[in-house]
Amino acid sequence: MPIKRNTLGGADEDEEEEAKKKRRVLVPLDYGDIDQVKTDYEDEEPMSSEERQRRVKQLIDSIPSSQEDLWKYTVKWDELNEDLIETKLHPFVSKKIVDLLGMEEDDLVKFVLQFIRERKGPDELVSELEGALDEDALVFVMKLWRALIFETERKYKRL
C-alpha cells in the first residue's frame, strides 16, 4: 500500500472513513414524562405566605410549655443537621446566653451546641448548666428545647 501524504494538514480519506464508523448515533431524549415525576414534598400545592404563617403559628401553639411535657416530647432528631444547628440554633443559643450573662460566652455556646449534636436529654443539660447559669439553667433549657422542637418540626413539615 502506498503511503498517502497530505500536504494540506487535513485527515486523509481512510482516517475520515474510520472516524465516521466510530461515531455513535445520538438518540434524542424524551422529556414528556418529566411533569409526572414528583418528589415527596412536591405533592402538595405551594403555600401562600398567609397559609405558611398560620401553620407556623399553629406549630408554635402545639409545642408544650410545661417542663414535664417538653421533656416527654419526642424530638425529630433525624431532621437535625449541622446546617440547622449553625443557622438556627447557634444564633438562638448565643442570644439567650448574652441575655442571661450580659456577655458572650463562646465556650458555653459551643458546649450547648455539642450537647445537642450528641442528642442528649434536657435533664442532663440542665444539671450541666446549673454551675454556669444557676437558677436560670432550667428556663434556658426549656426555651432551647422549645426552639429545638420548633426547628425540627418546621423542617419536617416543610414550613
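Is Phe-111 buried, partly exposed or exposed? Phe-111 is partly exposed, with a relative accessible area of 32%. Here buried means under 20% relative accessible area, exposed means over 50%, and partly exposed lies in between (1.4 Å probe, protein chains only). The model is predicted: local features need pLDDT of at least 70, side-chain atom pairs count only at pLDDT 80 or more, and totals for chains, interfaces and linings use all residues. Residues are numbered from 1 along each chain as its sequence is written, and side-chain values use heavy atoms, with hydrogens and water left out.

Two aromatic pairs were found. Rings of Phe, Tyr and Trp (its six-membered ring) pair if their centres lie within 6.5 Å; planes under 30 degrees apart count as stacked, over 60 as edge-to-face and the rest as tilted. Trp-77 and Trp-145 form an edge-to-face pair, with 6.1 Å between centres and 70° between planes. This pair links distant parts of the chain, 68 residues apart. Trp-77 sits in the loop between helix 3 (67–72) and helix 4, whereas Trp-145 belongs to helix 7 (residues 136–156). Helices (H or I, at least four residues) are DSSP runs, numbered from the N terminus. Trp-77 is buried at 18% relative accessibility. Trp-145 is also buried, at 3%.

The rings of Phe-111 and Phe-115 have centres 6.1 Å apart and planes at 45°, so this pair is tilted. Both residues lie in helix 5, four residues apart, and are separated by about one helical turn. Phe-115 is buried, with a relative accessible area of 4%.

A charge also sits over a ring. Lys-76 lies over the face of Tyr-156, at 4.8 Å from the ring centre. The criterion is NZ of Lys or CZ of Arg within 6 Å of the ring centre and within 35 degrees of the ring normal.

Val-98 lies in helix 4. Its relative accessibility is 29%, so Val-98 counts as partly exposed. Val-98 touches Met-103 and Glu-104, not counting residues up to four places away in sequence; contact means heavy atoms within 4.5 Å. Val-98 and Val-109 are eleven residues apart in sequence and 10.0 Å apart in space, C-alpha to C-alpha.

Met-103 is placed in the loop between helix 4 (82–101) and helix 5 (106–117). Met-103 is partly exposed, at 48% relative accessible area.

Terms used: Helices (H or I, at least four residues) and strands (E, at least two) are DSSP runs, numbered from the N terminus.
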